[in-house]
Amino acid sequence: MRKNTTKQLFLASILWFSFYANAQQPNPPGQVKGNEKPKNEAYLFAHMTHSDYGRLYYSVSLDGLHWENLNNGKRVFEDYKGHPDICKGPDGKYYIAGNTGDDAKSINIWVSDDLITWKKHSDYTPDLKSTPDYSNALQRIGAPKLYYDEPSQKFIMTWHTPHLEGTKEDGERYWASQRTLYVLSKDLKTFEGTPKRLFDWDMGTIDVFIRKVGDSYYAVIKDETYPTLYWTTGKTIRIAKSKSLLGPYSLPQQSISPNFREAPMLIPSPDDKIWYMYYEQYPGVSYGLSIADNLNGPWFQASGYTFFSDWDKYSLPEKVRHGCMITISKKEYDSLVKKFGIVKDVKK
């Protein structure tokens, strides 16, 4: 009996080892084949770094999966400070929003023709306490983000503002009290009215940005409620949906990411048929990547940061942190590489 059991265990070990040795992660869908021309030719990741929080760095990619530092891993624009977020306006120019800190009173906006040279465009100082149904807002502005809405021909700028201070006993209540506010603008120089709350439901949200796909608007959010057995979606990336830019937005869908992820970024794949959603495991531990063929999901997670070359399906430079990813042309990619130079495996 003991002899048979030993033999069974030996055979099971061989089968397990064989399966493990041959197991593979599928390659992420969305890449072009052969000489097919990609619809999305190249990508820019504008970000900060773990050691230089709030300053502007660039990384680039040709496939949306493998990213390389520019400028030898050094800053690309000394004047900028904030959580980088870039959007392209109707005039073909790029706009980037930031602020000097969450306690700063103004949001600062720069403009660029080529993503290389930036010049100051405007400052916006919201009267946070004038926000309807949010007169208890604290003077905090977190991670301003931009989106140009073609149907309304307006920019929408979103950010998060809390209404409760943290305490020694309960520091989390500060984050749980974050609400997403917005303002509209035709030109990012003049702004329409007072800030307003984006969602009519009451839940902590940060890092919110909006995209329109088809007939629907999608608000990509970080659920800022603390995770528990009874709120399992806490500190994850989720999506709410609306038929209108200003809502009402649905309650957020199920989590796209594991817990304790933030700063989501969304790009279309090179063939424009798949979505890649990146998010940071904070504080600066790693980046995750979830993939779907539409923003309603379902999403699956790609394998990365295993440090086994045949299992890692995406890669980012070491120590990159919050930012935004946008599509750019191959000509713009070449200009950025020519200006700043591309360096692989920069260690910081």
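In sorting the residues of a lining by class, Ala, Val, Leu, Ile, Met, Phe, Trp, Tyr, Cys and Pro count as nonpolar, Asp, Glu, Lys and Arg as charged, and the others, Gly among them, as polar. The model on screen is predicted.

**Stop 1: the second largest cavity**

Select Arg-179, Thr-180, Arg-197, Leu-198, Phe-199, Trp-201, Met-203 and Thr-205, which line the second largest cavity. The space inside this cavity is about 40 Å³. Sorted by class, its lining has four nonpolar, two polar and two charged residues.

**Stop 2: an aromatic pair**

A pair of aromatic rings is described by the distance of the centres and the angle of the planes. The structure holds 19 aromatic pairs. In the one formed by Phe-199 and Tyr-249, the centres are 5.7 Å apart and the planes are at 90°, an edge-to-face arrangement. Which parts of the chain does this pair tie together? Phe-199 lies in the loop between strand S11 (192–197) and S12, and Tyr-249 in the loop between strand S14 (237–242) and S15, so the pair ties together parts that are 50 residues apart in sequence. Phe-199 has a relative accessible area of 6% and is buried. Tyr-249 is buried too, at 4% relative accessibility.

Now select Tyr-305 and Phe-307. This aromatic pair is also edge-to-face, with 6.4 Å centre to centre and 85° between the planes. Is Phe-307 buried or exposed? Phe-307 is exposed, with a relative accessible area of 68%, while Tyr-305 is partly exposed at 27%.

**Stop 3**

Most residues other than glycine have a negative phi, and most peptide bonds are trans. Select Gly-247 and Pro-248: the peptide bond that joins them is cis, with omega about 10°. Pro-248 is in the loop between S14 and S15. Next, go to Tyr-282 and Pro-283, where the peptide bond is cis with omega near 0°. Pro-283 sits in the loop between strand S16 (275–281) and strand S17 (286–292).

For the phi angles, select Asn-71, which is not a glycine but has a positive phi of about 60°. Asn-71 belongs to the loop between strand S3 (68–70) and S4. Ala-263, again not a glycine, has a positive phi of about 50°. Ala-263 is part of strand S15 and is buried, at 4% relative accessibility.

**Stop 4**

Select Lys-145 in strand S8. Is Lys-145 buried or exposed? Lys-145 has 6% relative accessibility and counts as buried, because buried means under 20%. Leaving out residues up to four places away in sequence, Lys-145 touches Asp-85, Ile-156, Met-157, Thr-158, Asp-207, Val-208 and Phe-209.

The volume of the largest cavity is about 70 Å³. S12, S15 and S19 each supply at least two residues of its lining. By class, that lining has six nonpolar, one polar and three charged residues.

**Stop 5: the largest pocket**

Select Lys-88, Tyr-147, Tyr-148, Arg-211 and Thr-327, which lie nearest the centre of the largest pocket among its 25 lining residues. The space in the largest pocket is about 670 Å³. Which strand gives the most to the lining of this pocket? S8 does, with four residues. The lining of the largest pocket divides into 15 nonpolar, four polar and six charged residues.

**Stop 6: the nonpolar cores**

Finally, select Tyr-58, Ile-86, Leu-115 and Trp-118. In the largest nonpolar core, which has 23 residues, these four touch the most other members. Strand S1 (42–49), strand S2 (57–61), strand S5 (94–98), strand S19 (320–328) and helix H3 (330–340) each supply at least two residues of this core. Centre the view on Leu-115. Not counting residues up to four places away in sequence, Leu-115 touches Leu-44, Tyr-58, Ile-86, Tyr-94, Ile-326, Ile-328 and Leu-336. A second, separate core has 20 residues, among them Tyr-95, Ala-137, Met-157 and Val-183.

Technical notes. Residues numbered from 1 in each chain as written. Predicted model: local features only at pLDDT ≥ 70, side-chain atom pairs only at ≥ 80, totals over all residues. Heavy atoms only, no water. Core = buried A, V, L, I, M, F, W, Y, C linked by side-chain atoms within 4.5 Å. Buried < 20%, exposed > 50% of the residue type's maximum accessible area, 1.4 Å probe, protein only. Contact = heavy atoms within 4.5 Å. 1 Å grid on protein atoms, 1.4 Å probe; cavity = no way out; pocket = protein on both sides within 12 Å on 5 of 7 lines; lining within 4 Å. Points joined across faces, edges and corners; volume = space filled by probe spheres on them. Phe/Tyr/Trp six-rings, centres within 6.5 Å; stacked < 30°, edge-to-face > 60°.
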